Amino acid sequence: MARTFTKLGKQIAIAVKAGGPEPENNPTLRAIIATCKRENMPKDNIERAIKNAMGKDQSEYKEVPYEGYGPHGIAIFVDSLTDNTTRTVADVRSVFNKFNGNLGTQGSLSFLFDHKAVFTFKMKDGMSMDDLILELIDFGVDDEYDIDEEEGEVTIYGDPKSFGDIQHYLEQNGYEITSAEFTRIPNDLKDVTPEQRETIDKMVEKLEEFDDVQNVYTNMKPAED
């Protein structure tokens, strides 16, 4: 949990430096705060992260992706937020080396993953997903979506470049956004054996231990329930 809060704090820092500390005037910050609440990040932590981001001595974080192949030919994409790329690339490379992987150049695996903006929001009484998607299709929103009946929530996927426009539409039309983020979806899944899956899972866990690492994606086919 502490590691999750650290990662969210970095995202808050970037949002504040880019758009200011006031959520009502900074849509990116509003979206991150929604995600913080979803992850049960205390209000004091959120406010402290915003205040720290306004400090003159705050480190400048940069978004840096790392791409390569892990064991058994599985593609691995690592998203990071770092104030020291030398440290981060050394950490990431050490894990690739430990698992006999190969860290490639930036952009080398981008063709294997679709970059998407992801919004999760509360369903409204009488809402029509067909009508909503039709309204959002001009923003590059996909016609496929996920519904969580138990939580009463919908998750949609769209063009990352339209993140702000999608968020603005949902907010202006009274939808309560509970999470807003970016993700990478593999477009070519690979089958693995249970033993191979265990190795890849261990590699992903090692990468996720670094505070600089935000998310790790693979093109490994999900395990069947």
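Q: Hi! What should I know about the model before we start?
A: The model is predicted, so I'd keep in mind that local features need pLDDT of at least 70 and side-chain atom pairs pLDDT 80 or more, while totals for chains, interfaces and linings use all residues. Residues are numbered from 1 along each chain as its sequence is written, and side-chain values use heavy atoms, without hydrogens and water.

Q: Thanks! In what order do the strands of the open sheet run?
A: The order is β3-β1-β2-β8, with antiparallel pairing. Strands here are DSSP E runs of at least two residues, helices H or I runs of at least four, numbered from the N terminus; two strands pair if DSSP finds at least two bridges between them.

Q: And which strands stand at the edges?
A: β3 (102-103) and β8 (213-218); each has a single partner strand, so one side of each lacks a neighbour in the sheet.

Q: Over how many bridges do β2 and β8 pair?
A: Strand β2 (residues 75-82) and β8 pair over 5 bridges, in the antiparallel sense. S80 stands opposite V213 in β8.

Q: Switching topic: by class, what lines the largest pocket?
A: Its lining has 17 nonpolar residues (Ala, Val, Leu, Ile, Met, Phe, Trp, Tyr, Cys, Pro), 14 charged (Asp, Glu, Lys, Arg) and 12 polar (the others, Gly among them).
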